[in-house]
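I am opening a notebook on this structure. The entries below follow the order in which I looked things up.

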Amino acid sequence: AGIVPVSVDLPEAAIVRATPNEVDSDGIVGYLHVGWNESIAVIRNSQTIVYVRRIKAGLKDVHDRLVDHIGLSGIAAVHLIERMQLGQLDDSERPVLGMWTALVRALVDGLDIAIRYVSHAYRMAELSSVFVSGYGATNDALLTEVDEVLGMPVASLIPSVLAESGLSESDCAKL
């Protein structure tokens with residue numbers, strides 16, 4: 001591809017490194033990265049990653065259900081998933097909305113388990129905030145579910161260098 005790699009890093013370290021500078025670094029900060037095959041919950045306390053949880057749920061689950069159970073073509077499934085991530089589905093697409101809702105709940109449950117574990121292990125640390133990256137990271141339903149379940153301020157994780165690139169917020173959050 002013509003790219004010369006200069007280093008290799010763990011995905012969880014890259015996710016944490018994308019945190020905006022103004023975020024309180026003394027508390028417990030959670031990250032949910034929504035992936036295609038699987039997702040990752042990363043929890044840091046101060047500047048240290050203290051817990052990583054692989055969540056065996058991602059957008060591929062929704063894609064496969066759309067193709068295998070509903071009979072859509074792969075291209076049509078990807079189109080619906082793009083609209084789903086952007087919150088553009090309407091009431092006539094309830095089955096797809098239901099698949100998105102089920103995925104969101106599985107992801108938030110995985111993140112909730114990770115946050116509870118770390119907050120129990122580090123009882124003196126205060127809960128700070130949650131960042132969501134990856135597929136659907138700007139979706140209001142996902143952000144609202146995280147906020148309601150965890151009771152922590154939640155935002156899409158968009159690195160400043162990408163925010164200034166001219167890409168959409170959704171594309172920045174995926175990257």
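**Entry 1: the sheet**

I looked up the sheet and found it open, with 5 strands in the order E3-E2-E1-E4-E5 and mixed pairing. Strands E3 (48-55) and E5 (154-156) are the edge strands, each pairing on one side only. On average, neighbouring strands of this sheet are turned by 20° against each other, direction ignored.

I note the terms here. Helices (H or I, at least four residues) and strands (E, at least two) are DSSP runs numbered from the N terminus. Two strands pair if DSSP finds at least two bridges between them.

The model is predicted: local features need pLDDT of at least 70, side-chain atom pairs count only at pLDDT 80 or more, and totals for chains, interfaces and linings use all residues. Residues are numbered from 1 along each chain as its sequence is written, and side-chain values use heavy atoms, with hydrogens and water left out.

I then checked strand E4 (residues 127-134), which runs parallel to E5 and is joined to E5 by 3 bridges. Phe131 stands opposite Ala155 in E5.

**Entry 2: helix H4 and the cores**

What does helix H4 (residues 94-121) lie across? I found H4 across strand E1 (28-34), strand E2 (39-45), E3 and E4, running at about 150° to E3. Such angles run from 0 to 180 degrees between N-to-C directions, with axes fitted as lines to C-alpha atoms, for helices over the stretch in contact (heavy atoms within 4.5 Å).

Next I looked up the largest nonpolar core, which has 36 residues. A nonpolar core is a set of buried Ala, Val, Leu, Ile, Met, Phe, Trp, Tyr and Cys residues joined through side-chain atoms within 4.5 Å. Buried means under 20% relative accessible area, exposed over 50%, and partly exposed in between (1.4 Å probe, protein chains only). Among the residues that touch the most other members are Leu32, Leu111 and Val146. H4 gives the largest share of this core, 11 residues.

Not counting residues up to four places away in sequence, Leu111 touches Tyr31, Leu32, Ala41, Ile43, Ile55, Val130, Val146 and Leu150. A second, separate core has 10 residues, including Tyr31 and Phe131.

**Entry 3: helix H2**

I found Leu59, Val62, His63 and Leu66 buried in H2. Why do the buried residues line one face of the helix? Seen down the axis of H2, they fall within an arc of 100° (taken from the directions from the helix axis to the C-beta atoms). Their cover includes E1, H3 and H4.

**Entry 4: Ala163**

Ala163 is in helix H6 (residues 160-163). Ala163 counts as partly exposed because its relative accessibility is 48%.
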